[in-house]
Amino acid sequence: MMPPGVIDGGPGWIVVDKPAGISVHNEPGRDLVSLVADRLRSDSGLADRVGYREGMRPAPAHRLDRDTSGVILFGLHADMLRFFARQFETRRVDKHYLALVHGQFDEPDLLWDAPLSPDGGGRTQPAGKGKKVDCRTRVRVLEQSPHYALIACELLTGRKHQIRRHARLGGHPVLGDERYGSKRAVDFVRTRAGFDRLGLHAHRLELILPGSPDGLTFTSPMPQAFVVMLDMDKVGG
C-alpha cells in the first residue's frame, strides 16, 4: 500500500498527500489515520516538528472520499481540531479540486448550482432523495481533449459527493466514478486506457494556522494519470 506523502506540518497539525483508494478511517491498520500514525512513530524528525507524543491519535479535520486523492489536514489533539472545525464551520477554509470529466465545455467558466440532498445519491438519482438544499460549485475549464476535460472546482458549499453529483447532473460525469457515472464508461476508461481510479483530486487547501494571521496554502500536484489520459485522448482522437 502506497504511504501518504507529507506536505507540511507544525505544532499539533500535519498535512498529507492522500493516495486514491485508501479510506481515511474505518479500516484500522490500513486506513490513512493508521498510516499517518505509523509515519509519526517511525520518523522522529517529523514527530519533533509536529509535537507528536506516543498515544496521540491523528484525526482528519475534514472529509475526503476513499477514491479521491490529494491534500488532507490532520490535527493531533482536540484543541487543534476544534480550531480547524471553527474555520470550516464559518467557511474560512477554501478547498479546490481538479476533476477529469467526460465531454467538452462551450464556456471556460460556469457555476453548478443544482440543489442536492444532504446525503449522497446514486447513478439514477444523483441529486438524492428527500429535501434538497442549496449547493454551488464554481468550475473553470483548464484543458480539453476530444472526449474529456480537466476542470478546476471550488466548493462554495459542502455537501456529500458534491462535485461528483454536480458533474453528473451537469452532463459531465467524473471519469472512473462507479457510483454516479455509467458502468459502460467506467469499464471503457479502465480497459481501453488503463484509467483505474476516480478522476477527482483535492489540489489545494487554504486556511489559517494558530498564531498566523495570514492564510497558508497547501497543494498537491495533479496526478500523472490525469495527464496521461488527456494526452492519450489527444493522440487517439
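Reply: What follows is a run of questions and answers about this model, which is a predicted one.

Me: Let's start with helix 6. How do you know that its length agrees with its number of residues?

Reply: Helix 6 covers residues 224–236, which is 13 residues, and at 1.5 Å a residue that should span 18 Å. The C-alpha atoms at its ends are 18 Å apart, so the two values agree.

Me: Which residues of helix 6 are buried, and what makes them line one face?

Reply: The buried ones are Phe-226, Met-229, Leu-230 and Asp-233. Looking down the axis of helix 6, the buried residues fall within an arc of 95 degrees, so they line one face of the helix. On the other side, Gln-224, Val-235 and Gly-236 are exposed.

Me: And what covers the buried residues of helix 6?

Reply: The cover includes strand 5 (94–102), strand 7 (137–144), strand 8 (148–155), helix 5 (183–193) and strand 9 (200–207).

Me: Strand 9 is on that list. Which strands does strand 9 pair with, and in what sense?

Reply: With strand 4 (residues 69–75) the pairing is parallel, over two bridges. With strand 5 it's antiparallel, over six bridges. Strand 10 (residues 216–219) also runs antiparallel to strand 9, and four bridges join them. Two bridges is what a pairing needs, so strand 4 and strand 9 qualify with their two.

Me: Which residues stand opposite each other there?

Reply: Ser-69 stands opposite His-201 in strand 9. His-96 has Arg-204 as its bridge partner in strand 9. On the strand 10 side, Leu-205 stands opposite Phe-218.

Me: Stay with Arg-204 for a moment. Why is Arg-204 called partly exposed?

Reply: Its relative accessible area is 26%. Buried would need under 20% and exposed over 50%, so Arg-204, at 26%, lands in between.

Me: What does Arg-204 touch?

Reply: Leaving out residues up to four places away in sequence, Arg-204 touches Val-71, Asp-94, Lys-95, His-96, Thr-217, Phe-218 and Thr-219. Take Asp-94: Arg-204 and Asp-94 are 110 residues apart in sequence, with their C-alpha atoms 8.0 Å apart in space.

Me: Phe-218 turns up in that list. What makes Trp-13 and Phe-218 a tilted pair?

Reply: Four aromatic pairs are counted in total. For Trp-13 and Phe-218, the ring centres are 5.6 Å apart and the planes sit at 55 degrees. Trp-13 and Phe-218 are both buried.

Me: Why is the pair of Phe-83 and Phe-84 called edge-to-face, then?

Reply: Centre to centre they're 5.7 Å apart, with 70 degrees between the planes. Edge-to-face means over 60 degrees, so 70 degrees gets that label.

Me: Last topic: backbone angles. What makes Asn-26 and Arg-91 stand out?

Reply: Most residues other than glycine have a negative phi. Asn-26 has a positive one, near 75 degrees, and isn't a glycine. Arg-91 isn't a glycine either, and its phi is positive at about 55 degrees.

Me: Where are Asn-26 and Arg-91 found, and how exposed are they?

Reply: Asn-26 is in the loop between strand 2 (13–18) and helix 1 (32–42). Its relative accessible area is 67%, so Asn-26 is exposed. Arg-91 is in the loop between helix 3 (78–89) and strand 5.

Terms used:
Residues are numbered from 1 along each chain as its sequence is written. This is a predicted model: local features need pLDDT of at least 70, side-chain atom pairs count only at pLDDT 80 or more; totals for chains, interfaces and linings use all residues. Side-chain values use heavy atoms; hydrogens and water are left out. The expected span of a helix is 1.5 Å times one less than its number of residues. Buried means under 20% relative accessible area, exposed over 50%, partly exposed in between (1.4 Å probe, protein chains only). The arc is that of the directions from the helix axis to the C-beta atoms. Contact means heavy atoms within 4.5 Å. Rings of Phe, Tyr and Trp (its six-membered ring) pair if their centres lie within 6.5 Å; planes under 30 degrees apart count as stacked, over 60 as edge-to-face and the rest as tilted.
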